[in-house]
Amino acid sequence: MGTQKFQMNRLVKAVDELALQISEEIFVQKGWSDYVPKNCQYTDFMDVTQYNMKIAECSVLITHAGVGTIISGINSKKPIIVVPRKNKYLEHVDDHQCQIAEAFSSKGCVLKCEEVTELKDYIDKARTFDFKPYELKGGNIEETIMRFINIFD
């Protein structure tokens with residue numbers, strides 16, 4: 001769920017309930033969410049080493065639409081499901097994460113899941129989806145931002 005001071009109880013709860021429906025172990029970094037998972041392992045935050053290890057170990061990465069986490073998942077060649085934070089749930093100050101999720105989804109790099117009630121279906125789809133590698137196209141704001149934050153050379 002990232003490290004910004006916003007909760008995302010909606011997703012933490014959905015994943016916790018999902019743990020009862022699938023046989024695979026689920027691990028959650030819940031960040032500032034105050035919902036406490038009952039059915040899966042969790043931590044509030046991880047250091048970079050733990051974070052990278054968890055991404056390397058996972059079979060499917062479910063994340064908010066944080067660009068850093070999305071890029072980490074892409075670089076690790078993981079199937080990624082993005083659930084954008086939404087202002088109407090007080091998960092962020094605006095809905096820019098919906099735009100980020102759409103940008104990566106439109107390139108085939110991630111699956112965008114708007115409704116947490118559909119998460120199980122998206123996990124099933126992620127296991128067979130043909131994810132595309134992320135490619136920067138020259139001359140747009142996206143490339144400028146990525147280069148500025150040193151994600152790509």
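Predicted model: local features only at pLDDT ≥ 70, side-chain atom pairs only at ≥ 80, totals over all residues.
Student: Let's begin with the helices. At what angle do the axes of H1 and H5 cross?

Tutor: Angles from 65 to 115 degrees count as roughly perpendicular. Here the axes of helix H1 (residues 9-18) and helix H5 (residues 119-126) cross at roughly 70 degrees and come within 10 Å. H1 and H5 are therefore roughly perpendicular to each other.

Student: Which residues in H1 and H5 meet?

Tutor: From H1 come Leu11, Ala14, Val15 and Leu18, and they meet Leu119, Lys120 and Ile123 of H5. Sorted by class, this contact has six nonpolar residues, one charged residue and no polar ones.

Student: Now to a lysine. Is Lys30 buried or exposed?

Tutor: Buried means under 20% relative accessible area. Lys30 has 7%, so Lys30 is buried. You will find Lys30 in the loop between strand S1 (27-29) and strand S2 (41-43).

Student: What lies around the side chain of Lys30?

Tutor: A polar atom of that side chain lies 2.6 Å from the backbone oxygen of Ser33. Beyond its neighbours within four places in sequence, Lys30 is also in contact with Met1, Val12, Tyr35, Pro37, Tyr42, Thr43 and Asp44.

Student: And the sheet: in what order do the strands run?

Tutor: The order is S3-S4-S5, three strands in an open sheet with parallel pairing. Strand S3 (61-63) and strand S5 (111-112) are the edge strands, each pairing on one side only.

Student: How many bridges join S3 and S4?

Tutor: S3 pairs with strand S4 (residues 80-82) over three bridges, in the parallel sense. To trace the pairing by eye, look for Leu61 opposite Ile80 in S4.

Notes
Residues numbered from 1 in each chain as written. Heavy atoms only, no water. Axes fitted to C-alpha atoms, helices over the stretch in contact; angles between N-to-C directions. Helix = DSSP H or I, 4+ residues; strand = E, 2+ residues; numbered from the N terminus. Parallel < 35°, antiparallel > 145°, perpendicular 65-115°, else oblique. Contact = heavy atoms within 4.5 Å. Nonpolar A, V, L, I, M, F, W, Y, C, P; charged D, E, K, R; others polar. Buried < 20%, exposed > 50% of the residue type's maximum accessible area, 1.4 Å probe, protein only. Polar contact = N/O pair within 3.5 Å; in protein donor to acceptor, adjacent residues only side chain to side chain. Pairing = 2+ DSSP bridges.
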